[in-house]
Structures are given as C-alpha cells and as structure tokens.
Amino acid sequence: MSIIYLASQNKHKVHEIQSILGKSWDIRACDELAPGISWDETGHTFRENALIKAQAVLAKGAHTVIADDSGLEVVALKGAPGIYSARYAGPNANDEDNNLKLLKEINHLPEEELKARFVCVICFLQEGADPIFFEGHCDGHLVKKTSGLKGFGYDPLFIPSAFHETFAELGDDVKNQISHRARALIKFEEHLRTEY
Ligand code: IMP
C-alpha cells in the first residue's frame, strides 16, 4: 500500500479522502511526517495555493503528496471571497465572522444575483514529476439568513442547485455526494485507478 501525505492537519479531510480512495492508498496527515509544518498561502489562485502546500510537504521528504485549496466564489462579488474564503473577515476570522461579512456584502443584492459556487482544486505531486491538478465545482445560490447547524464555513448560507436547503441543513450524506471536494476527489481517484 502506497503512502500519500495530505498537506493538511484536518483529520476530517484525511478520513474523507481515505474513504473515497479505498484501501490501495494510505492517506496520512502531513504532521506525521513533519510535526509543526506550515506554509504561507501567497498564491493568487486556488491552484497556486494548492501547489504551495504540496511543495512544502514534498520538501520535508515525502515522495507522494496531495494538497487541496477551496473556497466560495460569489458571481456578483466578482468571485470574492475566493482564495480568501478562510480569512474574508480578517486574518483571525472564524466561520461566524466570515458569514456575517458575507451577509453584509450581499444584503443589497436582489435574489437573482445571489449565484455562487464552491471550488476545490487538488494538487497531486510526486518527487521528480510535474504537479497534476483536479478541479471540482458545486453551483448554487446564497441565502440572506443562515440556516442549519451541520457542516462548516459558509455551509449555512449556501443552497446547492436542485436543492431547497442549505448545506448546513442537508448534512454530510448529501454534501459528500455533490460537493466541490467530492467532485475533485472523484476525478483524482479515477486518475489513480487508471494510471497506477
Ligand atoms: P480550505 O481550502 O479547506 O482551507 O478552505 C478554505 C475556506 O473555504 C474554509 O475556511 C471555508 O471558509 C471555505 N470552504 C471551503 N470548503 C467549504 C465547504 O465545503 N463548506 C463551507 N465552506 C467551505
């Protein structure tokens, strides 16, 4: 079984990725290889940031790495918060702060201008090889009042297309079928299955 280090400390992501990739690959959090590892997300795109994270882990001696970068893009806000999703309301902002800031920004918009999408880019990087990227989107629209307690981040404000409830109301069973991350991961899994 080959090890893939994930450039994240998030145990939830390790399990989510492990369950999609199955038993042929052993997904480990990067702090098992390099405790305390950190990086600066100085990229201008999801791709650049995913690559920065993957390169940081490769530099610590890993042979095979994946990293993801994700966020919410609101059409009427010209793609904001985008790569700044985690720190939209400031460097130490939490999910509640970010949701409040987003609500303030969309408050004046009419219903038909609340289109948004989640984006996830996965970077697969192996020693001596070029990075390979996999992208997933989940289209939908925002609501002007938070609803639901499940999930994280902007989930209470986002209703995916063809649904009538927010991600925070729908929960993981639905979200893991249609989310931006699930879609990027499925493409990645197809790549591993056909190439290795
Ligand atoms: P990261 O790339 O996983 O670090 O996510 C960056 C930020 O994007 C998070 O802090 C959230 O604010 C937002 N985000 C990414 N994915 C999701 C999601 O599935 N639901 C809600 N917010 C998300």
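## Conventions

Helices (H or I, at least four residues) and strands (E, at least two) are DSSP runs, numbered from the N terminus. The model is predicted: local features need pLDDT of at least 70 and side-chain atom pairs count only at pLDDT 80 or more, while totals for chains, interfaces and linings use all residues. Residues are numbered from 1 along each chain as its sequence is written, and side-chain values use heavy atoms, with hydrogens and water left out.

## Overall fold

The chain has six helices and six strands. From the N terminus on, their order is β-α-β-α-β-α-β-β-β-α-α-α. The radius of gyration, taken over C-alpha atoms, is 17 Å, close to the 16 Å that the globule rule gives for 196 residues, so the chain is as compact as a globular protein of that length. The globule rule is 2.2 Å times the number of residues to the power 0.38. Along the principal axes, the C-alpha atoms fill a box of roughly 50 × 30 × 25 Å.

## Ligand shell

Around the ligand there are 14 residues, of which Lys13, Ser70, Asp155, Lys175 and Arg181 come nearest. A residue is near a molecule if one of its heavy atoms lies within 4 Å of it. β3 (64-74) and α6 (180-195) each supply at least two residues of this shell, and β3 gives the most, with three residues.

The shell divides into four nonpolar, five polar and five charged residues. Here Ala, Val, Leu, Ile, Met, Phe, Trp, Tyr, Cys and Pro count as nonpolar, Asp, Glu, Lys and Arg as charged, and the others, Gly among them, as polar.

## Polar atom pairs and burial

Lysine 175 places a polar side-chain atom 2.8 Å from an oxygen atom of the ligand. For arginine 181, an N or O atom of the side chain is 3.0 Å from a ligand oxygen atom. Histidine 180 has a side-chain N or O atom 3.1 Å from a nitrogen atom of the ligand. Taken alone the ligand exposes 480 Å², and the protein buries 87% of that (accessible areas by the Shrake-Rupley method with a 1.4 Å probe).

## Loop between β3 and α3

Lysine 78 lies in the loop between β3 and α3. This residue has a positive phi of about 55 degrees although it is not a glycine. Proline 81 lies in the loop between β3 and α3 (95-106). A cis peptide bond joins alanine 80 to proline 81, with omega about -5 degrees.

Terms used:
Polar contact = N/O pair within 3.5 Å; in protein donor to acceptor, adjacent residues only side chain to side chain.
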